[in-house]
Amino acid sequence: MSSATTTANAVAATRRRHTRSLASQRRWALYGSYAALVVFVIMFLIPPFYTVMTSLKTSAEISAQSGNPWFAHNPTLSNFIELIEMPDFQYFFMNSVMITVVTVVVSMVISVMAAFSLARMGFWGSSTLATGVFLTYLVPASLLFIPLFQILGFLGLINNVWCLALVYPTLAVPFCTWIMIGYFSSIPKELDEAALIDGAGYVQMLLKIFIPVAMPGIIAATIFAFTVSWGAFLYPMAYLYSMDQMVLTVGIISDLVRGDVFQWGKIMAASVLAAAPPVIIYAFLMDYYIAGLTSGATKG
Amino acid sequence: MTLKSGITRRGALKLGAAATALPLVHIRTAGAAGKLTIAFWDHWVPAGNDVMRKQVQAWADKNKVDVQADFITSNGFKNLVTIAAEAQAKQGHDIQALPGWETQNHRELLEPMDDVMKRLISQYGEPDETEQYLAKWKGHWMAVPTSSGNQNKGPCARISVLKDKAGLDVVNMYPARDVRTDAAKDWTWEAHLKAAEACQKAGMPFAIGLGVTADSVDTAGSLFHAYGAEVVNAKGEVTVDSDPVRQVLEYAERLVKVLPADAVSYDDASNNRALISGKAAMIWNPPSAYAVAKRDAPQIAADCWTFPAPAGPKGRFMPLGAFMWGVWKFAANKSAAKEMIEYLMQRDNVEARCNAVDGYDLPPFPKMLDFPVWANVEPPKGTVFNYPMRPVHDSQHSIACSPAPPEIAVQIYNRGTLPTMFAKLRSGQSIKQTIAWAQEELEGFTR
Amino acid sequence: MADGTSVPIDAIATRRAPARRANAMQRFARRRSTIALLLALPLILLIAGLVVYPAIYAIYLSMLNKRMTHFVGLGNFAFLLKRHTFQLVIFQSCFFAVSAVILKAIIGFILAHLMHNIPSRNQRIWRGLLLVPWVIPLAMSTLGWWWLFDPSYSAFNWILNALGFQSVPWLGETWIARLCVVAVNVWFGTPFFMIMYLAALKSVPDQLYEAAAIDGAGAVQKLFFVTLPMMRNIIAITVLFSLIVTFADFDIVRILTAGGPQDTTHLFATYAFVVGIQSGDIPLGASVSLFMLPILAIAAFFVLRGVNRRSKEIAA
């Protein structure tokens with residue numbers, strides 16, 4: 001009897017100890033995860049942090065090299081003010097905005113129409129095309145920029161900022177189409193049948209039903225197109241060189257980095273300003289952003 | 001004299017030093033009869049672009065021509081990329097600033113400038129021989145040697161550091177007056193190496209780059225010439241496997257050991273940064289580093305002295321960073337382009353620009369080397385007196401990669417083959433391996 | 001009789017109706033496919049004109065001599081393969097892509113797990129912070145890295161010096177520079193892996209883990225027998241795409257090292273730029289970039305397989 005009780009007690013104790021140790025194990029795993037995440041976040045944010053810090057320093061402070069370079073000792077916004085007043089920077093910014101807006105609009109129109117056609121209507125060879133669209137990602141810009149240089153030269157578009165409006169959609173359209181095909185396919189077929197019975201044409205169906213229903217997808221694709229055309233580097237690097245035709249990414253690197261060596265405060269300020277639009281959009285629309293990124297994965 | 005809105009607004013900007021970074025200028029003149037586009041070299045001395053802009057403005061007003069002037073930086077090879085793109089696309093600026101070998105590289109696409117040169121020569125005499133070598137093809141001037149950006153790239157050293165650490169009194173060696181000193185006779189590459197070693201030991205290395213940009217290439221070129229070493233001869237034969245080249249490499253093997261840890265990744269701004277940050281005893285550079293130091297680190301500028309290159313067995317060679325103004329054959333407004341170039345090359349204009357940049361812009365015409373600016377720049381007074389090549393220096397110009405035929409030389413130059421050979425030594429390869437590598441690389445250029 | 005006459009008419013009507021409907025269906029289908037084609041036409045033109053045509057044109061260009069005056073066949077390729085510099089480019093491209101992708105996959109996997117461990121209400125903020133490297137335009141963040149690596153002003157070296165270590169020539173020594181280039185790419189690309197893996201982890205049903213736990217599986221066994229098999233597809237796709245993109249990278253190397261020191265960090269893209277645009281040898285530049293094709297073709301094979309599988313799923 002007594003031995004039985006002790007055994008039972010012992011079993012209960014071990015079980016309790018076990019659960020307790022499991023719980024504490026979980027808690028430690030949680031703390032460990034947080035600790036590791038903190039380390040990663042710090043590592044990931046070092047360059048942006050240092051960029052912002054440098055943008056707040058004067059040339060004199062940078063060149064003096066006295067004290068800790070990781071903090072701005074006499075923070076100033078003068079770099080930003082000078083930049084915003086600088087005509088070159090205004091050119092860069094306006095060109096970037098202009099080209100990005102055109103690219104996003106063009107890319108979205110092309111890819112929404114095409115995705116609707118490929119996902120819902122179909123024609124001879126449409127499934128091959130759907131595959132082919134995706135394969136265009138296997139032909140990267142770094143393979144195409146040299147022949148495109150010749151082609152743009154032939155069209156007289158070298159050193160003309162509008163040549164980017166021609167070539168940027170190739171960067172955005174395939175993936176946007178891909179995202180949209182996924183979203184359109186997930187819309188139940190009953191919906192278009194109902195619409196057809198109501199006498200709606202295909203175009204009306206696209207405008208009135210598909211686009212509103214697939215809005216999250218459209219936002220995700222738009223963000224993608226925006227990010228790509230805002231940040232593209234190789235094409236403007238290869239095709240543009242005049243100050244008034246330049247866009248932000250290349251302009252900052254090839255035209256603000258000058259012989260005059262202590263422009264670094266200004267360069268970093270410019271880079272902060274150039275990074276701001278995508279970061280702001282991301283801050284507000286993070287979920288769409290991530291949905292766009294992962295749409296290839298969750299469906300495939 | 002009216003400036004249209006854009007310019008006035010820009011002029012009114014209180015940007016201070018930032019005003020230097022106005023690399024694009026539209027100059028519109030009332031009743032303009034034509035349009036001219038120019039690609040100038042973006043000046044490394046902060047005040048360089050402003051004075052150029054003023055002169056262009058004056059000409060545009062007088063001649064009723066709309067001018068668009070781009071100031072294109074040589075950083076990151078931006079100017080070379082631009083020139084190559086324009087040549088390839090057969091469209092672009094009317095006038096291009098062509099550095100070093102680029103005139104020869106694109107001579108088939110350039111408008112002959114014989115008429116302009118004839119008038120300039122009648123006024124100012126023949127240009128420097130090396131300039132002629134770079135600008136002429138089959139007896140025709142394919143571009144006009146300019147002063148804008150035209151530079152000697154000799155040593156610029158910290159007076160106190162060389163004196164204290166290496167026992168070398170550079171001011172005494174090359175004082176700010178036309179004299180031949182005994183000390184100058186001893187200014188050889190061997191002395192250069194000894195000083196480099198001593199300064200490196202003291203933690204103030206010679207910031208000589210082993211990168212692939214112009215500064216690194218030109219320093220290496222001066223060393224090659226001083227030993228009479230040719231990697232490709234005038235006939236276009238690869239002659240890298242030769243005794244003079246081996247001599248250079250033996251020397252370089254010792255020199256690279258005492259260069260900064262980052263020498264291999266240097267670009268044309270790294271050496272300036274090294275000097276201005278007070279971490280280097282000497283750089284090989286025109287006085288732009290000095291000019292910027294004067295603004296950002298005045299105590300360092302006051303300790304700088306510019307002087308001729310050291311001598312080797314075959315003589316003393318001052319690296320020349322030449323600049324020419326060329327007009328494309330496909331330019332839209334050739335006549336205006338020629339007039340503009342001629343105007344900008346008038347003595348008064350050359351001198352005004354030279355004064356604004358602390359003497360950086362060397363006139364290609366030896367007759368103009370009597371400007372007082374080089375004696376007057378301070379502190380310390382006379383710091384750039386010996387920057388232009390003077391007869392007492394017993395020196396000649398060196399254009400890296402000569403006497404190779406231009407179409408090969410331009411590739412050796414632009415790909416930085418000479419300093420890369422030094423970089424190979426630095427990474428521990430033997431002289432034999434380096435020569436074998438260079439042999440293969442150079443054969444590739446003769447393609 | 002009215003009824004009698006009415007019957008045949010009705011009968012005819014009902015008998016003719018299917019035929020008319022079939023006709024209408026045909027016309028309808030024809031119209032439908034015409035509209036479909038029209039809607040997809042801009043896409044077709046874009047891809048044909050700005051991707052397919054240039055790609056074929058690149059092959060043609062790569063077979064010309066430098067002045068583009070005559071045809072040299074495969075001469076440019078042979079010339080390149082013989083050059084030590086280009087052999088280095090091949091090596092570096094492969095080293096860069098493979099090592100960066102492996103690191104990104106591993107770190108991304110770890111991060112996804114860490115994220116999965118913490119309560120989901122807290123995940124949003126962490127995810128937000130960790131995704132920042134991916135959001136900033138790559139050219140801009142690389143510029144920031146460059147400034148961190150600058151020989152005279154490196155803030156990393158400041159820390160090292162403060163701790164009593166020597167300064168490191170970040171971009172001045174071949175292997176250090178190569179690792180720096182890889183590091184920047186890993187920094188930039190890891191968040192993408194993390195997000196993909198996190199999405200995949202969330203889609204693994206909890207029951208599987210519970211079942212595994214009942215069978216007495218430990219953490220490692222769960223990882224190898226539940227998590228990894230369930231994520232296999234996503235891992236494969238993510239790695240494949242990252243491999244392509246990393247292989248074709250241009251921005252990082254161009255800004256950070258421009259190919260130096262001694263051309264040892266050049267990738268196909270940056271080398272093609274130097275040769276083709278900067279030195280004006282368009283045919284040779286085109287040949288350089290075409291060396292990416294074999295790798296891309298292999299990738300294409302796997303992608304096609306994945307895409308076919310996906311379209312079957314959509315059809316089903």
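What we have is a predicted model, where local features need pLDDT of at least 70 and side-chain atom pairs count only at pLDDT 80 or more, while totals for chains, interfaces and linings use all residues. Residues are numbered from 1 along each chain as its sequence is written, and chains are lettered from A, with ligands numbered from 1, in the order in which they are written.

Let's begin with chains A and C. Here 84 residues of chain A are in contact with 81 residues of chain C (C-beta atoms, placed from the backbone, within 7 Å). On chain A's side, helix H13, residues 264-299, gives the most, with 17 residues (helices are DSSP runs of H or I, at least four residues, numbered from the N terminus). That side has 60 nonpolar, 23 polar and 1 charged residue; Asp, Glu, Lys and Arg count as charged, Ala, Val, Leu, Ile, Met, Phe, Trp, Tyr, Cys and Pro as nonpolar, and the others, Gly among them, as polar.

Now, chains C and B. This contact takes 23 residues from chain C and 32 from chain B. On the chain C side we find 9 nonpolar, 12 polar and 2 charged residues.

Finally, look inside chain C. The axes of helix H3 and helix H10 (residues 219-247) come within 9 Å and cross at roughly 140 degrees (lines fitted to C-alpha atoms over the stretch in contact, with angles from 0 to 180 degrees between N-to-C directions). Residues making this contact include C:Phe96 of H3(C) and C:Leu243 of H10(C). By class, the contact of H3(C) with H10(C) has 8 nonpolar, 3 polar and 1 charged.

How values were computed:
Two residues are in contact if their C-beta atoms, placed from the backbone, lie within 7 Å. Helices (H or I, at least four residues) and strands (E, at least two) are DSSP runs, numbered from the N terminus.
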